[in-house]
Amino acid sequence: MTNATSSFSIGALADRASVNSETIRFYQRKGLMRVPIKPPSGIRRYGENDLVRLRFIKSAQHLGFSLKEVGELLNFEDGAHCVEAREQAEIKLAEVREKLAGLKRIEEALIALIDNCDSHQEKGPCPLIATLQE
């Protein structure tokens with residue numbers, strides 16, 4: 001699996017992917033990345049394919065995919081499972097839209113609380129604090 005044109009230590013791989021070595025080891029424990037065979041020299045080597053895979057994992061995470069979901073997407077990496085990959089993305093999009101709707105409701109509630117504070121002219125308890133205490 002190691003590309004013969006490039007060979008990295010775990011530290012060099014981590015640097016190239018802008019992660020730390022422990023992140024790579026964590027992904028290895030989760031089965032998302034391979035653990036290279038340790039040669040007699042004692043330094044495991046990683047190749048371009050490992051770098052591409054690591055960047056794929058990080059990109060998928062940035063899109064909100066959990067590590068379990070990333071593992072499922074990695075099963076489709078041969079490119080022959082576009083329908084399944086699309087279904088995973090559609091599920092994730094629905095989740096994101098649901099979260100956005102929830103955040104919109106929170107935004108509207110906070111705006112109302114702030115507006116209530118702005119219109120509060122008299123001495124006494126803060127309307128925002130009073131509402132939160134209810």
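This is a predicted model: local features need pLDDT of at least 70, side-chain atom pairs count only at pLDDT 80 or more; totals for chains, interfaces and linings use all residues.
1. Residues are numbered from 1 along each chain as its sequence is written, and side-chain values use heavy atoms, with hydrogens and water left out.

2. Is Lys-92 buried or exposed? With 9% relative accessibility, Lys-92 counts as buried (buried is under 20% relative accessible area, exposed over 50%, partly exposed in between, with a 1.4 Å probe and protein chains only). Leaving aside residues up to four places away in sequence, Lys-92 touches Leu-63, Gly-64, Phe-65 and Glu-69 (contact means heavy atoms within 4.5 Å).

3. Glu-69 is also a salt-bridge partner of Lys-92, with the closest N and O atoms 3.0 Å apart (the criterion is a side-chain nitrogen of Lys or Arg within 4 Å of a carboxyl oxygen of Asp or Glu). Because Lys-92 lies in helix H5 and Glu-69 in helix H4, the pair ties together parts that are 23 residues apart in sequence. Both Lys-92 and Glu-69 are buried.

4. Lys-92 has a further salt bridge, to Glu-95, at 2.7 Å from N to O. These two residues are 3 apart in helix H5, so about one helical turn separates Glu-95 from Lys-92. Glu-95 is partly exposed, at 31% relative accessible area. Through shared partners, salt bridges join Glu-69, Lys-92 and Glu-95 into one network.

5. Helix H5 also holds the pair Glu-90 and Arg-86, 4 residues apart, about one turn of the helix. Their salt bridge has its closest N and O atoms 2.7 Å apart. Here Glu-90 counts as partly exposed at 40% relative accessibility, and Arg-86 as exposed at 56%. Over the whole structure, the search finds 8 salt bridges.

6. Now for the nonpolar side chains. The largest nonpolar core has 20 residues (a core is a set of buried Ala, Val, Leu, Ile, Met, Phe, Trp, Tyr and Cys residues joined through side-chain atoms within 4.5 Å). Those with the most contacts inside this core are Leu-13, Ile-24, Met-33, Leu-54 and Ile-57. Helices H1 (10-17), H2 (21-29), H3 (48-62) and H4 (67-74) are the elements that give two or more residues to the core. Leu-54 touches Leu-13, Ala-17, Val-19, Ile-24, Tyr-27 and Met-33, not counting residues up to four places away in sequence.

7. Which residues make the nonpolar surface patch of about 620 Å²? The patch is made by Leu-93, Val-96, Leu-100, Leu-103, Ile-106, Leu-110 and Ile-114 (patch residues have over 30% relative accessible area and no salt bridge; like charges are joined within 9 Å, nonpolar side chains, namely Val, Leu, Ile, Met, Phe, Trp and Tyr, within 5 Å). Areas come from the Shrake-Rupley method with a 1.4 Å probe, and for residues only the protein chains shown count as cover. Leu-110 belongs to helix H5 (residues 82-119) and is partly exposed at 44% relative accessible area.

8. Finally, the cysteines: the whole-structure search finds 0 disulfides (the cut-off is a pair of cysteine sulfur atoms within 2.5 Å). For Cys-126, the closest cysteine sulfur, in Cys-117, is 3.8 Å from its own sulfur, too far for a bond. Cys-126 is partly exposed at 31% relative accessible area, and Cys-82 counts as exposed at 57%.
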